Amino acid sequence: MIANVLSIAGSDPSGGAGIQADLKAFSARGVFGMAALTALTAQNTQGVSAVHALPADFVAEQIRMVFADIRVDAVKIGMIANAEIAAAVAEALRLYCRAPVVLDPVMIAKGGAPLLDPQAMETVRRRLLPLATVVTPNLPEAAALLDRPEAKTREQMAEQARTLLDLGLGAALIKGGHLSGGESPDVLATKDGLVWFESPRTSTKNTHGTGCSLSSAIAAELGKGCSIPEAIGAAKHWLSGAIGAADALGVGSGHGPIHHFHHLWTEKDISR
């Protein structure tokens, strides 16, 4: 049976990140995607010009309606925007969700615009993190969640991943894309220890939506029944290909999107 996966996140009208990227990643990984919007953004590949958060009770009602009718095999949480929405999402999932939850703590857009109200951080820590099967912060996001300096080494990454587990979640995957050097390692911490996922750094500016897409791909694999390490391994392999093929797209003049369907589209599909 095809898995059904729900994304709870914001919208990116340029199609590279947010709900749009999540639905593409779900389709690319072979699951049926659903979406509950938390916020609307005005953005393109060069940056974000405006954010409009939706009413928290409306966000919760979207989630309730999905669960009232549809089997949900996994949930991905992306942009939350503010404390009210964080609390509403947490309560809705507490009431209705029994599926794996992947939390991608979206805080800052690729161009530097804030996507999470600073006052919402404590609500995310206290209400959402304990619901997460796995949380997927990058280095700045992990530092913000833990209120400590950003990790600069693998050892610091590992220590912060272990510390995140103490906040009550099931597993923590810290993404090392911000590390210097030619590699882009990620580290997974669970109660069973650490697992490193290695991948070479691809030379491209077109990485818009990588975090959204990775967490969505992980949720898709969990929805299919994979273990956390298996889900991350499959998602990372797919994402590496999507980043490697990103330059084949011609979307915008800034940080363009990754190629979600690099393994599906043929020359015949894209020829004019």
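1. Ala 171 sits in the loop that joins H6 to strand E7 (172-175). This is a predicted model. The relative accessible area of Ala 171 is 0%; the cut-off for buried is under 20%, so Ala 171 counts as buried.

2. Beyond neighbours within four places in sequence, the contacts of Ala 171 are Thr 133, Val 134, Val 135, Leu 165, Leu 188, Ala 189, Thr 190 and Ile 228. Thr 136 is 35 residues from Ala 171 in sequence, with a C-alpha to C-alpha separation of 8.9 Å.

3. Helix H6 (residues 154-165) packs with helix H5 (residues 139-146): their axes come within 11 Å and cross at roughly 50°. The two helices are therefore oblique to each other, and their crossing is left-handed. H5 contributes Leu 139, Ala 142, Ala 143, Leu 145 and Leu 146 to the contact, and H6 contributes Met 157, Gln 160, Thr 163 and Leu 164. By class, 7 of these residues are nonpolar, 2 are polar and none is charged.

4. The largest nonpolar core comprises 56 residues. Leu 6, Ile 63, Val 75, Ile 77, Val 89, Leu 93 and Leu 128 have the most contacts inside it. Helix H3 (residues 83-96) supplies the largest share of this core, 8 residues.

5. Which residues does Ile 63 contact, leaving aside its neighbours within four places in sequence? They are Ile 8, Ala 36, Val 89, Ala 92 and Leu 93.

6. Another core, of 29 residues, lies apart from the largest one. Val 102, Leu 173, Leu 214 and Ile 258 are among its members.

Conventions
Residues numbered from 1 in each chain as written. Predicted model: local features only at pLDDT ≥ 70, side-chain atom pairs only at ≥ 80, totals over all residues. Heavy atoms only, no water. Axes fitted to C-alpha atoms, helices over the stretch in contact; angles between N-to-C directions. Helix = DSSP H or I, 4+ residues; strand = E, 2+ residues; numbered from the N terminus. Parallel < 35°, antiparallel > 145°, perpendicular 65-115°, else oblique. Left-handed = near helix turned anticlockwise from the far one by under 90°. Contact = heavy atoms within 4.5 Å. Nonpolar A, V, L, I, M, F, W, Y, C, P; charged D, E, K, R; others polar. Core = buried A, V, L, I, M, F, W, Y, C linked by side-chain atoms within 4.5 Å. Buried < 20%, exposed > 50% of the residue type's maximum accessible area, 1.4 Å probe, protein only.
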